[in-house]
Amino acid sequence: YFDSEKGFFLNKQPLKIHGVCMHHDLGVIGAAFNKTAAKRQLTILKEMGCNAIRFSHNPPASAMLDLCDEMGFLVMVEAFDMWKKKKNKFDYHLEFEEWHERDLQAMILRDRNHPSVFMWSIGNEIGEQFDSTGTVIAKRLVDIVKALDTTRPVTSALTETFPEKNFITKAGNLDVLGFN
């Protein structure tokens, strides 16, 4: 659990999170999952003192979460890189309205039994944080997560660092405020 004054606690013990953001690919090896290459990446991160990973900006392969479980990492699984407001011409904004609920539910149902998963993220640098649509959509997404998993906190990677100006934080239901 998180305490606003004392920090993060795991099994009732304080734990400093030393995390990184990790994108879906394996560099020149490509985007297909390669267990040996992934384990090598995680081993290097462990040797650096890393104990937590934000898989940005989409859910990782299940096999990656298996490795994180085995190697003792904390994982934040992130659902979306955009909602209805596009970042690119042909990105997920075209599919968000039809698919967001099913995709988010599938992610939670698939990953909620992984002990490494300690937090969910409903988005990365979402454009809706700058207008009132962010309040409605953020509330809906958090409700979807909480309907399937009430044991883990929900966050979003925000760029508007003034909570009183950020419409995603104005929804009032993020458990942890995350700022890029």
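Helices (H or I, at least four residues) and strands (E, at least two) are DSSP runs, numbered from the N terminus. By that numbering, Asn11 sits in the loop between strand 2 (7-10) and strand 3 (13-14). The model is predicted: local features need pLDDT of at least 70, side-chain atom pairs count only at pLDDT 80 or more, and totals for chains, interfaces and linings use all residues. Residues are numbered from 1 along each chain as its sequence is written, and side-chain values use heavy atoms, with hydrogens and water left out.

**Helix 1 and helix 2**

- The axes of helix 1 (residues 35-47) and helix 2 (residues 62-71) come within 10 Å and cross at roughly 40 degrees; axes are lines fitted to C-alpha atoms, for helices over the stretch in contact, and angles run from 0 to 180 degrees between N-to-C directions.
- The two helices are therefore oblique to each other (under 35 degrees is roughly parallel, over 145 roughly antiparallel, 65 to 115 roughly perpendicular, and the rest oblique).
- Lys35, Ala38, Lys39, Gln41, Leu42, Thr43 and Lys46 of helix 1 meet Met64, Leu67, Cys68 and Met71 of helix 2.

**Asp111**

- Asp111 belongs to helix 3 (residues 96-111) and counts as buried at 0% relative accessibility (buried means under 20% relative accessible area, exposed over 50%, partly exposed in between; 1.4 Å probe, protein chains only).
- Beyond its neighbours within four places in sequence, Asp111 is in contact (heavy atoms within 4.5 Å) with Pro59, Ser62, Leu65, Val77, Val117 and Trp120.
- The side chains of Asp111 and Arg110 are joined by a polar contact of 2.5 Å; such a contact is a pair of N or O atoms within 3.5 Å, and within protein one must be able to donate a hydrogen and the other to accept it, while residues adjacent in sequence count only if both atoms are side-chain atoms.

**His93**

- The loop between strand 6 (74-78) and helix 3 holds His93, which is buried with a relative accessible area of 17%.
- His93 and Asp91 are joined through their side chains by a polar contact of 2.4 Å.
- Leaving aside neighbours within four places in sequence, the contacts of His93 are Met82, Trp83, Lys84, Lys85, Lys86 and Asn88.

**Backbone features in loops**

- A cis peptide bond, with omega about 5 degrees, joins Ser56 and His57; His57 is in the loop between strand 5 (52-55) and helix 2.
- Asn11 is not a glycine but has a positive phi of about 55 degrees, and Asn11 is exposed, with a relative accessible area of 69%.
- Glu125, in the loop between strand 7 (117-124) and helix 4 (133-148), has a positive phi near 45 degrees and is partly exposed at 35% relative accessible area.
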